[in-house]
Structure formats: structure tokens, C-alpha cells
Amino acid sequence: MTLASDGAAFGVGTGERPTRAGLALGARIPTLTVRVTRSDLVRYAGASGDFNTIHWSDRVAAQVGLPGVIAHGMLTMAYGARAVTDWIGDPGALVEYTVRFAKPVVVPDDDEGVEVVFEGRVATVLDDGLVRVDLNATCAGQRVLGLARAIVRLS
Amino acid sequence: MIDPSVAGRTYPAPRPYAVSREKVREFALAIGDALPAYLDATAARALGHVDVIAPPTFAAILAMDTWRDVMADLGVDFSRVLHTDQRFVADRPLRAGDIVQAETIIDDVRERMGASWLTLRTDLVTDADEHVCTAVATIMVRPAESRDGPG
């Protein structure tokens, strides 16, 4: 897969980590763009142990009524987590993470694969140093994750 | 349709799961994330962790491992399963060296839109009796005869 992050907000890449004090509600976290190919699905299947045939067989995907082979929801969810952990710097500060798999990410059998874009905004500053970030993930103009939110602990 | 009376059944993993540096590395690279805290113990320690930590969704490996027993018990083929919702609540990240016991409970069974919807809750507890993560999934199980796809 190929990855791109706009990296502009919050000085990502400079070692600067967000703090509660510097946060504005609605502020955007850096956008993460991921290009997913069939080869990524094979690799994720092996690493995760999720060998569900709908993630690698067009024949079985069609049999169960899918438009084609689809990405593991957990892989899409992992990319979304990365959008958040790239921003906070320490994955240990991600305390809760929820998604709904709203639409399947259909991955064509070609070299280009498909692009998924992850955007996030600071939604709420909670008690005890916790901050909620709401995520949006889109693929081919369609929302693939719904109700996606991460709760992070910031200093 | 799945009999609602299966709610409450529990499925402990047949053996504890040993989190290793190599598995964490393999998983991190498979999700395209070469963050040093996943790959290098020194970088992880610099963030205050004991050893390399696992990405937040690594817990899915342990959770979904128990799903195999759930599906076998319910007589469901995996190609009929669609994962619709997932939540992780972490007390702390999983890390290399952890020996973790996973147990899944069928929290809820409902019938909706011609399919069965199950809530599966998995708790991960270390051999030191430390609760590290709860993973809650909702899955939709299409009836065997269905050819209708999602959305």
C-alpha cells in the first residue's frame, strides 16, 4: 500500500505532540490517504489470521452478493487508528476506538487498487484529559466508516 | 436464523496467546504502519512502554480467533458473516511479552432485516490477571439461502 499524510496541522513530523491546552474544537487532524491493493489484503489475511474467502475470492464474494472482493473491515479500521496515532504520537494514548463499517471497500484485482481517505476532527474535550476525535473515511466518494470515533488521552 | 437462546454462551480461547515482537512487527507492517514503537523496543521505552507495543487493532487477532469456535458452535459459515461494528476499549496497549487469555461471550442476538445480528464481546486478561482490553463486535449473519449483499 502507499500512504500519504498531509502532515500540515499540529506540526506532525516535527516531533510536536498535541496537548489539550492547544486544542480547538473542530480542529482537523492530518488527513491520511491509503491506497489498498489485493496484495495488501493477502498480507493482512496472513498477519491477522482472517482468511474469510470474501477478502480474496471473487467467486465467493459474488456468491454472497458482494460487488467484488472487499477489504477486511479490521484493516480499514487499522488505517483509521493510524490517522489518530500519527497525530497523538503515542498509540498508548488511544484508549477507546469505535467504528461502524458502513460500506464495504471493494478492492479491484489490478495494480492501482483503491484509495481510502481518513479525516478527523476534534469533537469534544472530556474530563480526565480525554479528547474525542470523530473520523470520516471515504472511498470513491462514499463513506465507508460511520460513527467512527477515537478517545485519546492528552497531557 | 440464530436461536436467541445462545446469548450468554462463552468461548474461551483454547490456549493463552503469547504476544511476540515478531508478530507485532508482522502485523504493523501488514497495516502499513512502521511506527518505531511497534518495531523497536528502544523507541517504545522512550514513550514509557515496557517493550514494543502492538497497534490498537492487534487485539482483533485474539478476538477473531475465538470467533471460529463461535461460528462452529452456531453452524455458521464465515462467508455469510459481515462485520458491521467494532469497538476496542484499552486499559493499556498489548505489548511483546504479554501472555493473554481471550474469552468471548455472545452478549446479544437479534433478528433484523432478514438476518441475525450478534454482539460478541471479548475480554483480554494477562497471566498476571491484568485486564488489558475489551473488544466488542457486531456481526450480521445472513441466512444460508440469501444472495442479497449489503448496502
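Leu41(A) counts as buried in this predicted model, because 23 C-beta neighbours lie inside 10 Å of this residue, and 20 or more are enough for that class. Leu41(A) belongs to helix H1 of chain A, which covers residues 38-48. Leaving aside residues up to four places away in sequence, Leu41(A) touches His55(A), Trp56(A), Val69(A), Ala71(A), His72(A) and Val107(A).

The contact between the chains takes 39 residues from chain A and 36 residues from chain B. On the side of chain A that touches chain B, the elements giving two or more residues are H1, helix H3 (73-88) and strand S3 (94-101). H3(A) supplies the largest share, 9 residues. Sorted by class, this side of chain A has 23 nonpolar, 9 polar and 7 charged residues.

Strand S3(A) pairs across the contact. Its partner is strand S3 of chain B, residues 81-90; the two run antiparallel and are joined by 5 bridges. Within this pairing, Glu96(A) stands opposite Val89(B).

Chain B itself has 4 helices and 6 strands. Along the sequence they follow the pattern β-β-α-α-α-α-β-β-β-β. Of the 151 residues in chain B, 38% are buried. Among its contacts between residues at least 6 apart in sequence, 70% join residues at least 24 apart. Taken along the principal axes, the C-alpha atoms of chain B fill a box of roughly 55 × 30 × 20 Å.

Technical notes
Residues numbered from 1 in each chain as written. Chains lettered and ligands numbered in written order. Predicted model: local features only at pLDDT ≥ 70, side-chain atom pairs only at ≥ 80, totals over all residues. Buried ≥ 20, exposed ≤ 12 C-beta atoms within 10 Å, placed from the backbone. Contact = placed C-beta atoms within 7 Å. Nonpolar A, V, L, I, M, F, W, Y, C, P; charged D, E, K, R; others polar. Pairing = 2+ DSSP bridges.
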